[in-house]
Amino acid sequence: MATSDRADRRPSALRYLESRKNLTGCALGLAGLGLYAVGAAGAYWPVVVAGLYGAGALLAPPERPASPDFPAPGEQVEALRADLGTLEEYLSGVRSRDRLPDEAERLLDDLTALLSALLDPERGAGEALAADGETLHRLTRVIRQDTPESVDAYLRTRWWSRLTPGGQGPDEELRRQLGLLVEEASKVAAELRDAEAWRQRALTRYYEDRAAPNEPGAAGLAGLAGSAGPSEAAGPAGPASPETRKAPDGAGAGAAPEERAP
């Protein structure tokens, strides 16, 4: 992505020299020079070469526009960390000039603590955020738009309420807004926690399935075969000795034919 972006910033003449139209026209122009070398172009070879170059430039496929260079998800998380620092600086300036209600101060502390924990690179939540564009967008909206907008609206409304005393104060509205933002950030944290827990359980099931044998009875049969003795493993393949040879059924209990006296 960055390579295509740098290519677009080159001079137009250099871009045309490396374009498909110029390369195709040069190839056909070299073919025209080949015709002149074998004597097929005659005295009008410059016209032939120029015509072939023009035909190649016209027949060449158009250039494919460069893809837009959007920031990667990891870069978006880094930018969001920087925006959180900017938000904290803004809130510090507001608190230094105007005193906010105690409940609003507490909610702002809870909100910034939640956002800092979610964006902390050492806690590993940044990778989960980079993989979830919707959650990243929700946090971006809370940091860049919702929180500063709520505080600014409170400051402007409180200034007007000082000019017209007796009206309803804006403190309750600010408390409700910040409470909703804290609730939304808490939901994001719970969703990320559940996603990581599900991933861990999925890994456990995957390892269990990989460790299980393909055939349920294969392991037991292999153990029985390994515990059998040498004589059992040999089976009936070995020849029987004359002493242990038995007569066939129905032959009686007498001696074998080869052992009878003449």
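Tutor: Tyrosine 207 is partly exposed, with a relative accessible area of 43%, and tyrosine 206 is likewise partly exposed, at 46%; the term covers the range between buried (under 20%) and exposed (over 50%), for a 1.4 Å probe and protein chains only. This is a predicted model, in which local features need pLDDT of at least 70 and side-chain atom pairs count only at pLDDT 80 or more, while totals for chains, interfaces and linings use all residues. Residues are numbered from 1 along each chain as its sequence is written, and side-chain values use heavy atoms, without hydrogens and water.

The structure holds one aromatic pair. Tyrosine 206 and tyrosine 207 form this pair, with 5.6 Å centre to centre and 50° between the planes. The pair is tilted, given that ring centres of Phe, Tyr and Trp (its six-membered ring) must lie within 6.5 Å, with planes under 30 degrees stacked, over 60 edge-to-face and the rest tilted.

Helix α9 spans residues 171-211, helices being DSSP runs (H or I) of at least four residues, numbered from the N terminus. Its axis comes within 9 Å of that of α6 (residues 102-118), and the two cross at roughly 25°; axes are lines fitted to C-alpha atoms over the stretch in contact, with angles from 0 to 180 degrees between N-to-C directions. Helix α6 is therefore roughly parallel to α9, the term for angles under 35 degrees. On the α9 side, the contact (heavy atoms within 4.5 Å) includes Leu174, Leu178, Leu181, Ala185 and Leu192. Among the α6 partners are Leu107, Leu111, Leu114 and Leu118.

Key:
Angles under 35 degrees count as roughly parallel, over 145 as roughly antiparallel, 65 to 115 as roughly perpendicular and the rest as oblique.
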